[in-house]
Structure formats: structure tokens, C-alpha cells
Amino acid sequence: MTRRRTILACAAAGLTVIGLTAQPAAARPAPTASVRLLALNDFHGNLEPPSGSSGRAIDENGETVPAGGAAYVAAHLKKLRNRDTLTVAQGDLIGASPLLSAAYHDEPTVQFLGDIGVTASAVGNHEFDEGYEELLRIQNGGCHPVDGCSPEGEWRGAEFDYLAANVLKKHESGGHRHWDRPILKPWTIRRVNGVRVGFIGVVTKTTPSIVTAEGIKGLEFQDEVEAANRAARALKRRHVRAIVLLVHEGDEVNSGQRPDACGVVPGAGTRIAQEADPEIDVVLSGHTHEQYVCSVEDPAGDPRLFSSGSSYGRVITEVNLKVNRRTGDIVRSSLRGDNHVVTRDVPPDPATERFVQTWKDRVSEIADKPIGGITADLTRAPSPSGETALGDVIADAQLAGTKDLGAQVALMNPGGIRTDLTYAASGSEGDGVVTYGEAFAVQPFSNVMGVVSLTGAQIDALLEQQWTDAGEKILQPSANLHFTIDRSRPVGDRVSAITVDGTPIDPATAYKVAANNFLLGGGDGFTVFTEGTGQVLGPIDLDTFVAYFKAQGTISPPPLTRITGQ
């Protein structure tokens, strides 16, 4: 064979020729497709820039800067987006929202999120605040069954898919109870830059303990990993290998952490990120309102990106990745995560500004109405014992609002107090003036107040439930209820010196205790409430708060002396 024919034959066989010796050709790298993900979590209907500490974030320089607001979220997204971008979210987009959104059952927020291109989101626990039937309405459309249509007309439904792989509904068949399919899609598939990416959504399995029981009656919240792995297998059967898990669960972090740091305290989020099926390439989390970008090992020992983007629209998480066009899988070494603070030093998006202003005009007559005054900030800042000035005032308001139901004392859960009341004016109302909208922001859940009878022994047992495996939740007492705590003692034996109206409680005597229906249903692990007898229901918690301000006129921060010890 001639030299020329030898070279041609070798070339046809995929070999190169060095001298006259045929060598294998260097393998060509597989072609890849670039994909960018932009993610939000825990937006909570904050269309306007949030105020106070909720409107500040620590940036990449370690500086605390103003952040958040729908018009700024839209502006930053436009800067970050390219033609290969998908925008997703990790739940709690709605619920515990300011009045601007909540007055219309969060339809304005869901419309905004569709307008900025969100394509899929995990459900969060707050998506169940008004019950799962209302969540289905938000997803599918239709007017509210009680309040009717908003000023925009009949609701058309979310433009993105809510995903709930681990939320199943019970049904009866043949005298037996079975688990049906998830109440919403467990996963969805999107095509971008010529490749397919699958998204799975799960919510914290602790949801039943942190939402009102009646709203999720008949639902099961399965283990997040179990449900995510089941969904991953379903996607793999459909030949989808690039898979992202959107999970409304996460970890706490070390205080003062910069947006791209990974100083997490390993918890439920890390467990999910480490144990989920190796087919899942990225875990985007939420729930804890923290910011972090981490890499964890999956069960196969490969690195997997694990991140969270703060809350209230203060941070956008950017993930850049490459997908192997031959296998359809994400190239793990290509994963890059970056948390961008939504600063307010850029021009706000004009269309979003107009959108928000339209809804502000609609709600202003209600929101701007003064209800009372304060002489100084009423905050959630705890004393060494865990008592807060705002918690005390709310408990006093709840006791006053349920006196006609026989209430003797009141207790308020700290997680239901969503923001502070600041002395400085938030608008044109003037310093020290509290408006209905500000009061709503503090107590946005529309929980119903109730009164139950608990014995002194049960009250003692209830207060011991302030410490669980999930951490510490100090109940805020009305002014006539005092107790002492000692954190150095074993869990279950930390509370002493309980008094009502200055008298030690009698273990056998029944007392009328006021609380919201979340607590009365055993929420936050306070299961002793469910042992109460003679339950009667009364006003909405916000109504008691507003009425108390109107009755008192001006309120000063009370001394933090109701709970002693530390």
C-alpha cells in the first residue's frame, strides 16, 4: 500500500499517522449546552421594598445594604438573564405577605412572578396558609370563593407550575384509606438551548406542625428525599438526566455570612442535599431565609451544588452549568453558583413599578388608615429569657380581645410575629403612627383566636414544650402570666414559678387560656393545647391587635419582666 493510501485508510478508521505508524485519534470532547438558572425563594409577597431588617442584606463585601422590592428584582433579573436562562423558585412565594398582596389573596404576587418569567416552583409551607384548596385555585384560576374576584377580574391562574412531589391526598376506596397522587405536579420538564432539564419540587415534611391543621386535613407530607428520589426515577424513565431539586427546606448559617459563603449548620437541608438520588445534580433550597452557596457529596461521592437565596426578594441565586448533549446529563465540574444581592442602587424596572403602584392605589384606603401610636420601636428582639416587647403587646391584645370568652391569660407563638413596628414613619403617616397596613404586616395570617381550658399542670407541661428537637420557641405571655426558665436544666424540667395574677398556679385548677387556632391545633409542637377542653372561637387575631391599639391610643414598649431566668 502506498503512503498516501495508508494515510487515507488510517484517517477513515479514525486514526492519526505519526511517521508511518498509525495512532488512535484524540477523543473529541462531547458537545455541551450552556444553561443558566436564576432562582428566588421565600418572597412572601414583598412587592414593595421591605422595611427594617427585612429590607437589608449582607453583600459580597460584608456590608449591610438596602435590598429587595419587586421592581428591583425585575431589574436585576433582566441584567442576569441570557437566552439560555430558566427562572425558578423554592416556595413561600406567597403567604405571610404584606397587605398589598394579601388583601387580594396574593394574586398580585403570583402575577408578578409570572411576568418576570418564573417557570416552576416548589410549594412552601406558607402556600398552605389558606388551605390546599386555595392553593389549587392559585395554580388553576378562578375567583375567590368568599371574596370574589379582585379588581383585575377573574383570576387566570399561575403562569408557572407549583411542584409538590411529597404532598399526597388521602382518599377512601372499598372501605380502605389510600394515598392518591400528589396534589400538584411532582415534577416538570423544560427545554432550553436544545437540552431538557427536569425540576422536582418538595416542601419540608414538618409542614403539618407549622400550618393550621384544618387547611391541610387529609394530606400527607412525605419524607423529602423519598419523594424526590421517586420523582428522579420518573424523570430518568423519560430519559431526562439533567435534574434540579427545588426544596422548601434548608439550613441555618453562621451570623453575618456573605451571600456566597457556606457557613451552614448542617441540618435538614444538608441531609436532603446529601441523601437525594445521585441523578439529581443541583439542590436549590429555601425555608430558613438564609443565604449560602455550598458543594456537598451525593450518595455516589460526586459534588453537588446546594444553595439558598435569603428571603423577601433580597437575593437572586445564579447557577451556571453545562449539559452534555450526548448523555443529556449535567457536567458536575461545570456547576457554578453565585448569590446576587438585589441592591436598590440600580434603576427599578418601570413596568414593575407601575404594576406595584396600581395595587398600592387599590389597597391604600385600607392600608394607610391610622389605628394608634407608639412611643418607640416595638420589636421582636428577645431578652435573655426570650421575651419580646412586640410579643408582649400582642399577647395583651389577644387577652383583651377574648375576655368576653372567659380568657384569663393569653400566649402568642413567636413565629407568628412577622415584622417589627418602628417609630420612624414608613410612609406619609408621621413618626410614631401605626397604620392598619403596618399592623397587618406584623400579623398577616388571619388566624382565629380561641379559648380552651387547661389545668395548671397542663400549662406547666405546655410551657415545657418550648424546647424540642426543632429548637427553642418561647411563647409570649400576657402581662398577668409570669414564669421562670432555666436552660441549664434538662428539657422537660426547665420552667418554674408560674403565676397568674401574681398567684402560683394550682396543678388541679382549670384556667382559660387564649391562643390563636394555629397553636390550639398543636402547631409548633405545642401539642398540650390539643388536650384543652371547652374550646370556643372568637375574633381574628389581627382584629384584636387593631382594637387594642384603638383602645390604648399610644403604646410604649413594656418592660421585659414576664419571663425571668435564662
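User: Which strand does valine 253 lie in?
Analyst: Valine 253 is in strand β15, residues 252–253. Strands here are DSSP E runs of at least two residues and helices are H or I runs of at least four, numbered from the N terminus. Keep in mind that this is a predicted model: local features need pLDDT of at least 70 and side-chain atom pairs count only at pLDDT 80 or more, while totals for chains, interfaces and linings use all residues. Residues are numbered from 1 along each chain as its sequence is written, and side-chain values use heavy atoms, with hydrogens and water left out.

User: Is valine 253 buried or exposed?
Analyst: Buried, with a relative accessible area of 16%. The cut-offs are under 20% for buried, over 50% for exposed and partly exposed in between, using a 1.4 Å probe and protein chains only.

User: What does valine 253 touch?
Analyst: Leaving out residues up to four places away in sequence, valine 253 touches Gly263, Val264, Val265, Glu290, Gln291 and Tyr292. Contact means heavy atoms within 4.5 Å.

User: OK, helices. At what angle do α4 and α9 pack?
Analyst: About 170°, with the axes of α4 (residues 107–115) and α9 (residues 350–367) 11 Å apart. Axes are lines fitted to C-alpha atoms over the stretch in contact, and angles run from 0 to 180 degrees between N-to-C directions. α4 and α9 are therefore roughly antiparallel to each other; that label takes angles over 145 degrees, with under 35 being roughly parallel, 65 to 115 roughly perpendicular and the rest oblique.

User: Which residues make the contact?
Analyst: Pro108, Gln111 and Phe112 come from α4, and Thr352, Phe355 and Trp359 from α9.

User: Switching to strands: why call β32 largely enclosed?
Analyst: Because five of the seven residues of β32 (residues 510–516) are buried.

User: How do β23 and β25 run relative to β32?
Analyst: β23 (residues 409–412) runs parallel to β32, joined by two bridges, and β25 (residues 448–455) runs antiparallel, joined by seven. Two strands pair if DSSP finds at least two bridges between them. Valine 409 has valine 513 in β32 as its bridge partner, and threonine 455 has alanine 510.

User: And what's the order in the open sheet of four strands?
Analyst: β31-β30-β29-β35, with mixed pairing. The edge strands are β31 (503–504) and β35 (563–565). β29 (residues 481–485) runs parallel to β35 through three bridges, and isoleucine 485 stands opposite glycine 565 in β35.
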